[in-house]
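Colleague: I'd like to learn how to read strands, pockets and a loop residue in a model like this one. Could you walk me through them?

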Amino acid sequence: LISFSSGLHYLFAVKTEMASKDPVDEVVQAFMRPVSKDGLEKMSQLLLKQMEVGLAKENHGGEVQMLITYVHDLPDGKETGDFLALDLGGSNFRVLKVSLKPGEEIAQVDKKLVIDDATKQSTGDILFDFIAKCIAEFIKEQNIKEKLPLGFTFSFPVHQTSLVSGTLIRWTKDFSATGVVDVDVIDLLREAVKRRPGDINIDVVALVNDTTGTQMATAHKDPNCHVGIILGTGTNACYTERLDAVKKFSGDRLKYEKVIINMEWGAFGDQGSLKDYLTEFDTALDKEEAVKNKREQIYEKMISGKYLGEIVRHALRKLIQQGVLFGGKSAPCFDQFEKFESKYVSMVEEGDVSDITKCRVVLETECGLTGVSDQDCRIVRRVCEAASTRAARLAAAGIVTIVRKIQKIDKCTVSVDGSLYKLHPQFQYKMKAAIDELAPGNGIEMKEAEDGSGRGAAIIAAVACRLAASK
């Protein structure tokens, strides 16, 4: 922690006006200059404007979707029973059974299965038949006889019209199965179940985004949890909003007072809001042939783990080409798409700011370089620190924007899930430093979610059942 604060001061303290510009300083400042306190305050205003556009009406044409989840209440801790959950959103698919008892720890069993690229990029029927097959196998293995309520975490942008219906807006990550966009994904699930030989007996009660599940998983124990954040392969945010602020809501306003909004904030900047925050390295990333979502998910690309290593690779490659690094000698790690992995950034930043031990391991063992000097290691660490600090500060500004909007700056728990937040050795501290810089004396507490995309979906299903029973 001490190393981070001194390192942050160092990143911002580089002189920007020099008779002879240092190439390393130029790279570092390309990342850091736009995310000064003033820069983050400006970004916060831009995001708030997009949030308000998104809440005003459907088909608003703004950058941030602000999707209505139809989750109108937080758990009260009294939810009881067994629930199933599905978790689809990345390379793995999970089926879970979650048992809830008031005053007791949540019990769960789950099964994880790998979804191969062929299935991700096939058809909707093939993808959902795979999901149904996994459910049937899990029910048999767990000897489940009764019909259980099910929450389905579907971690892609969905336009929901109720808690149990929603059409896919677009695929993200590396999914591209045909026949799913603009189709109700719950209908696809139910049709796949019908194609089975009668071995699945479920009651689908909730369609959930992983971000919403993240908020609910923490809210089960903490009633002050008003925000959920994903900081992993991708990034997204949700929060509890007053219904009177959601002008586009067409449901029963007398019945409900609030609703969780799934922001889909990764698309912030897609129409140019963040043009002043982009570096040449962000542009280089977007020009890569392998990047399919060009000029999309701009905020996500600047923050999330899927892209962090690639952005660092482009920055290091420039310094290699300038002869500043490794005597101008490159390696496949810096010349090939995604070969400098985001996990390397985390490894490089382990230890004190002056510690270059892990950096040397990355460069020599992972990248296969020889003759690496201490100066090379120090430069690589500085670039990694600059890129990850930018990402953390951008995410922090987003959080402060949300908490200010809902007027919870004095007391608000933010539930966080995702590998970038959990595994990068400095990321959460960089975020906290930026939050405190933007909102001195704030009452924002960051809490790691316990399996938001899994048990969070089950908790939402439990709340849905509780609300249905109370009608």
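**Strands, pockets and a loop serine**

Modeller: Let's start with strand β12 (residues 412–417), which pairs with β13 in the parallel sense over 5 bridges. The model is predicted, so local features need pLDDT of at least 70 and side-chain atom pairs count only at pLDDT 80 or more, while totals for chains, interfaces and linings use all residues. Residues are numbered from 1 along each chain as its sequence is written, and side-chain values use heavy atoms, with hydrogens and water left out.

Colleague: Which residue stands opposite Cys-412 in β13?

Modeller: That's Ile-444. As for terms, strands (E, at least two residues) and helices (H or I, at least four) are DSSP runs numbered from the N terminus, and two strands pair if DSSP finds at least two bridges between them.

Colleague: What order do the strands of the open sheet have?

Modeller: In general, strands of a sheet pair through backbone hydrogen bonds, either parallel or antiparallel. Here, the open sheet of 6 strands runs β1-β11-β10-β9-β12-β13, with mixed pairing. Its edge strands are β1 (67–68) and β13 (444–448), each pairing on one side only.

Colleague: And strand β2: how many of its residues are buried?

Modeller: Buried means under 20% relative accessible area, exposed means over 50%, and partly exposed is in between (1.4 Å probe, protein chains only). In β2 (residues 81–88), 6 of the 8 residues are buried, so by this definition the strand is mostly covered.

Colleague: Which strands does β2 pair with, and in which sense?

Modeller: With β3 (residues 92–100), β2 runs antiparallel, joined by 8 bridges. A hairpin connects the two through 3 residues, and Ala-85 stands opposite Leu-96 in β3. With β5 (residues 148–154), β2 pairs in the parallel sense over 5 bridges; there, Leu-86 has Phe-152 as its bridge partner.

Colleague: On to pockets. How much space lies in the largest pocket, and which residues lie nearest its centre?

Modeller: The search uses a 1 Å grid over the protein atoms alone: a pocket is an open set of points where a 1.4 Å probe fits, with protein on both sides within 12 Å along at least five of seven lines, and lining residues have an atom within 4 Å of a point. Grid points are joined across faces, edges and corners, and the volume is the space filled by probe spheres set on the points. The largest pocket holds about 1,400 Å³. Its lining has 47 residues, with Gly-89, Gly-90, Lys-173, Thr-233 and Gly-234 nearest the centre. α7 (210–219) gives the largest share of that lining, 3 residues.

Colleague: What is that lining like by class?

Modeller: Ala, Val, Leu, Ile, Met, Phe, Trp, Tyr, Cys and Pro count as nonpolar, Asp, Glu, Lys and Arg as charged, and the others, Gly among them, as polar. The lining of the largest pocket has 10 nonpolar, 20 polar and 17 charged residues.

Colleague: Last one: is Ser-155 buried or exposed?

Modeller: Ser-155 lies in the loop between β5 and β6 (158–162). Its relative accessible area is 7%, so Ser-155 is buried.

Colleague: And what does Ser-155 touch?

Modeller: Contact means heavy atoms within 4.5 Å. Not counting residues up to four places away in sequence, Ser-155 touches Leu-88, Gly-89, Thr-172, Lys-173, Asn-209 and Asp-210. The side chains of Ser-155 and Asp-210 are also joined by a polar contact of 3.5 Å (a pair of N or O atoms within 3.5 Å; within protein, one must be able to donate a hydrogen and the other to accept it, and residues adjacent in sequence count only if both atoms are side-chain atoms).
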